[in-house]
Structure formats: structure tokens, C-alpha cells
Amino acid sequence: FGSRLLVAPTAVSSPSAGNMGMKYCAAYLMAVLGGNESPSAADIQKILESVEAEYDSAIAEKLVSELGGKTVHEVIAAGKKKLKNFGGGGGAGASAGGAAAAGGGAAPAAAAKEEKKAV
């Protein structure tokens with residue numbers, strides 16, 4: 001810890017795509033999962049205030065206006081296409097390699113059990 005500088009997160013002061021809090025997106029998605037196909041800023045406010053989270057009406061209204069006329073499924077599909085072209089790097093490869101190694105060790109043990117049952 002000695003040389004690391006810890007900085008507290010700053011509050012969101014103006015709505016923009018770059019600093020829109022994830023809690024607003026999460027609240028919007030929770031409203032959709034609850035059956036509301038087109039949540040309003042008031043719906044987001046109700047959800048956030050139910051967990052005593054801070055609420056900024058400008059951010060919620062911007063999110064609602066940007067998602068207006070779109071289904072969540074369309075937005076997610078468009079985002080997946082964008083992320084697909086993003087690259088990603090080696091993090092996933094290392095995880096997959098570890099999973100393959102773990103799976104590889106389990107398969108011979110299962111085969112050995114089957115051989116014992118057959119005898």
C-alpha cells in the first residue's frame with residue numbers, strides 16, 4: 001500500500017455517455033426484467049431510491065432518451081458486435097487454458113472409473 005495513491009471516486013456532475021453511472025443502466029435493466037418494456041426516469045428513480053442510492057435526474061433522463069424506441073435486446077446485440085471487434089488480448093486465453101487443463105485431468109479419472117465398472 002505504501003506507494004499506491006488511493007483516490008476516492010468523484011461524483012457525476014453532468015450527464016454524458018462517458019460518465020453515466022452503471023447504476024442507472026442497472027436500474028433500467030431491472031425495470032425491463034420486471035416487465036416494464038420502456039422504463040421512465042421516474043422508474044429509475046424509484047429503483048435507485050429503494051436502495052438509498054443517489055439519484056441525478058439529468059443522467060436518468062439522458063439514458064431514457066438515448067434508449068427511447070429501442071428494445072434492450074437490440075441495444076445489447078449492437079454492443080456485442082462492437083465488443084467483438086474490440087480485440088481482448090490474452091486474459092481469456094489464460095483462463096481457457098486453465099480450464100482445459102483442469103478438464104483434461106478429470107477426463108482420464110472418469111475413464112478409469114468406467115474401466116473398473118466394466119471389469
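A nonpolar core is a set of buried Ala, Val, Leu, Ile, Met, Phe, Trp, Tyr and Cys residues joined through side-chain atoms within 4.5 Å; buried denotes under 20% relative accessible area, exposed over 50% and partly exposed in between (1.4 Å probe, protein chains only). The model is predicted, with local features requiring pLDDT of at least 70 and side-chain atom pairs pLDDT 80 or more, whereas totals for chains, interfaces and linings use all residues. Residues are numbered from 1 along each chain as its sequence is written, and side-chain values use heavy atoms, leaving out hydrogens and water.

**View 1. The largest nonpolar core.** This core has 13 residues, and those with the most contacts inside it are Y24, A27, Y28, I44, L48, A60 and L63. Helices α1, α2 and α3 each supply at least two of its residues (helices are DSSP runs of H or I, at least four residues, numbered from the N terminus).

**View 2. Packing of α1 against α2.** Helix α1 (residues 22-33) meets helix α2 (residues 41-50) at an angle of about 105°, with the axes 9 Å apart. The two helices are therefore roughly perpendicular (65 to 115 degrees). In contact (heavy atoms within 4.5 Å) are K23, Y24, A27, Y28, M30 and A31 of α1 with I44, I47 and L48 of α2.

**View 3. The two sides of α2.** A41, I44, I47 and L48 are the buried residues of α2. They lie on the same side of α2 because they cover an arc of only 125° around the axis. Their cover includes α1 and α3 (57-67). On the other side of α2, K46 and S50 are exposed.

Notes
Axes are lines fitted to C-alpha atoms, for helices over the stretch in contact, and angles run from 0 to 180 degrees between N-to-C directions. Angles under 35 degrees count as roughly parallel, over 145 as roughly antiparallel, 65 to 115 as roughly perpendicular and the rest as oblique. The arc is that of the directions from the helix axis to the C-beta atoms.
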